[in-house]
Amino acid sequence: MSVWQRLAEWLEMRTGLKTALYHCSRRAVLGGVCWGNAVRAALVFGLIVQAITGLVLWMHYSPSAQTAWESVYYIQYELPGGWLLRGIHHYMAQVLVALLALYVAGMVLLGEYRWPRELVFWTAIFLLLCGMALCLTGDLLSWDRNAVSATTVRVRFLTLLPVIGQSLLKVAIGGPGPDLGTLTLTRFFALHVGVLAFGFALLLWAHLALLRRVRVVTAAPPLPAGPYWPAQAVRNAAACLVLMLAVLALVGKEGVPLGSPADATHFYDAARPEWSLRGVYGLSEMIPGSGIFGTGLSWKIFPIFIIPGLTVLVFLAMPFFARWRWGYWLNVAILAAIGGGLGILTFVSYRADARDEKFQSAVAEERLLAQRTVELAQAQGIPPTGALSLLKTDPKTEGARLFGQHCASCHAHVGGLGKEFRLEKPSAPNLGGFGTPQQVRGWLDPVRIQSPDYFGGTAFKNGDMVRTIKEMYADLDADELKEVQEQMDSIALMLAAEANLPRLQTELAQQKGRIAEGMKLFQQNCAGCHRLHGKGTQSGPELTGYGSLGWLVEITSNPAAAKFYGKRNDRMPIFEKELSRQQIELIARFLRGEWYEPAPPTP
Amino acid sequence: MVDEISLRPELPAEERRGFFKKLLALGAWIAAYLAPVGAAVRAFFAPARQKGQAAGDFTRVAPLDSLPEDGTPKKFPILAQRRDAWTVYPNEPIGQVFLRRVGKDQVVALHVKCPHMGCAISYVEEKQGDQVVKKFYCPCHKANFDLEGRRTDAVSESPRDMDTLDEVKIEDGFVYVRFQNFRTGTPTKEEEV
């Protein structure tokens, strides 16, 4: 005997491994070789894949409000193989839910719920429900804006229930609320990886064991049987491979999105449930939220609890319906009605979103925010306070948001860096490109200064400044006009140098001569009203550091200060009363285009 | 059992077909698991290739005046940017050093970590009769070092003397050290990255 044979004997003696393998290879498949078994094998395969990928994701995941998004970011963007791991886990979950839905539908069509298969059928239904619960709990774990916003709505539905609703909500949140937090995450995480994952495995095992038993009990001897190895095995393996290829195709095509980190002050306007619950969402959309005849209950309780609950009950009752003469066809009709209804509702819901501009713009905004967070995290690392503070201190996004919220109802922002804000009838100057020579030059032009981009919409439309500029251009011949225009160019350059925008610094440094000339011209022509570096009379706004961070912060904080517009301030709010210094600074940096931008990829 | 095998009714032709089916089944099965298992293995073993923080710039450790003139060592934390997983802490202890004055303007820096298994070495003053012996001592495996960091036990647990940080400078009355970590357990001092 060779060493290997002796080793095999040694093992066989102690473990019976060889015999077990032999029996395995001879295993008979009760009921014969079929593709139905391959579908079940694919379900087992899916579960194993979820266990493997889930376990390694678990090693890198950190469930807390300050670290959940951050750890998923780490998995997705920094951990080698992490994106694939997360991609497989995410899409395998979706595909498994779809497969289970089809599996249950198939059992209804084939009448595979009849005596004594009731429990086989029920375990399949519970598997589907458990799979959906796994998706719902898993969905929150990324802790991005969509996940938290959508889950907030979901757990809030519990308050529709009378008496116990409020308590159930707190149980779901894992605390007094009102917002979801770390304890919600730890709770959902434990439910996901512990209770539900274990429950799913147990249900699948029970389903298969019950099916096997039913086959033994119901078949008349001799049992129809086919060989497991290799006839059934090759079908099973093929089904597993097809399932995995479908999942990989989805990962390759879509990738798994990771939104921007959750923000309690910034609800996601386009938050929606996953596709598997879209039908219920669509149904709920059609039903009013008003109360039911003074009972204190909302009509919404029907689409959210009663109708889905009844649907599950009807499916569970199918084995009993089947005892009636037309029971089988009744069940098929129920399946068609519910499946078709959900399909139509789902389609209508997606179509409505596709046509909803507000929804689309919220999706686009969220995509930009997510991309921006990743950009900042990759460049700067994530601060101990979490990734959200990267966004909250980012002029490009938070500055733009604050501008949109507090400034954009009067000021447009067109023609500068970053997000554009347009207005049909602006009542204040367009601040796009503020502090660039081109923008400053507009103040020094008799036509442009009266346009809506400058003083056109303001009380200064026919004020001293406009009059002065017009006088400077009055009665000029062609040569004189050219000279005045060149002088104005120099003054504009000088003021742009005061702003010294980051993107223009090198350019401005080469224009020292003209800037000095601009300064001289300013002292001759403008210092009667504007102060600049301590010279001049102050009746118009102070222009020292015009457009610089400090100047912008000051004028935004208090435009009615004596050094700016004083009593003549035209409707602009004194923002230091409503915004923090940091917020005003973010707006100022946004206007200056002063933010981190990654270097363009080198080809 | 042998009998059972010989009784297995199989035709040679079918066996051949069976062989390809078996191959196909095994191949498809392996192919199906390739991506998830591959990704899992890759992610699990990814740390093996990751590099830690390399020696950075000089860090300011302590004012020169805070070091006793008689050469008694004092322990100081090294504050620098620290990265843990995805989080970057701007200013946190990344290690500790003993600083010891050996001249008016000369300071020696010793790494606090024991070269054996990385425990924290402490400075102790031991009374032996009337004399007070100043020494370094690692409590984990009872290794003794003199103030220069040299092993003093007849048979020491430590594979080498305490690690000195060679790049030390004094500027404007402050001691600066270029901090780095060293491998443990090796007889020679090598940077750990």
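## A quick tour of chains A and B

In chain B, 3 strands make an open sheet, ordered β5-β6-β7, with antiparallel pairing. β5 (122–128) and β7 (143–145) of chain B sit at the edges with a single partner strand each, so one side of each has no neighbour in the sheet. This is a predicted model, where local features need pLDDT of at least 70, side-chain atom pairs count only at pLDDT 80 or more, and totals for chains, interfaces and linings use all residues. Residues are numbered from 1 along each chain as its sequence is written, chains are lettered from A and ligands numbered from 1 in the order in which they are written, and side-chain values use heavy atoms, with hydrogens and water left out.

**The sheet in chain B**

- β5(B) is joined by 7 bridges to strand β6 (residues 131–138) of chain B, and the two run antiparallel.
- One bridge partner to look for is Q131(B) in β6(B), which goes with Q128(B).
- Two strands count as paired if DSSP finds at least two bridges between them, and the elements themselves are DSSP runs (helices H or I, at least four residues; strands E, at least two), numbered from the N terminus.

**A nonpolar patch on the surface**

- L55(A), W58(A), M59(A), V37(B), V41(B), F44(B) and F45(B) form a nonpolar surface patch with about 670 Å² of accessible area together.
- The elements giving two or more residues to the nonpolar patch are α3 (35–60) of chain A and α2 (12–45) of chain B.
- The largest share, 4 residues, comes from α2(B).
- Patch members have over 30% relative accessible area and no salt bridge, with like charges joined within 9 Å and nonpolar side chains (Val, Leu, Ile, Met, Phe, Trp, Tyr) within 5 Å.
- Accessible areas come from the Shrake-Rupley method with a 1.4 Å probe, and for residues only the protein chains shown count as cover.
- L55(A) lies in helix α3 of chain A and is partly exposed at 47% relative accessibility; buried means under 20% relative accessible area, exposed over 50%, partly exposed in between (1.4 Å probe, protein chains only).

**Around R160(B)**

- You'll find R160(B) in the loop between β7 and β8 (164–165) of chain B, and R160(B) counts as buried because its relative accessibility is 5%.
- Its side chain makes a polar contact with the side chain of D163(B) (2.7 Å).
- The R160(B) side chain also reaches the backbone oxygen of T188(B) at 3.3 Å.
- A polar contact is a pair of N or O atoms within 3.5 Å; within protein, one must be able to donate a hydrogen and the other to accept it, and residues adjacent in sequence count only if both atoms are side-chain atoms.

**Salt bridges**

- Over all chains, the structure holds 36 salt bridges (a side-chain nitrogen of Lys or Arg within 4 Å of a carboxyl oxygen of Asp or Glu).
- E585(A) forms one with R581(A), closest N and O atoms 3.7 Å apart, and another with R589(A) (3.2 Å, N to O).
- Salt bridges that share partners join R581(A), E585(A), R589(A), R592(A) and E594(A) into one network.
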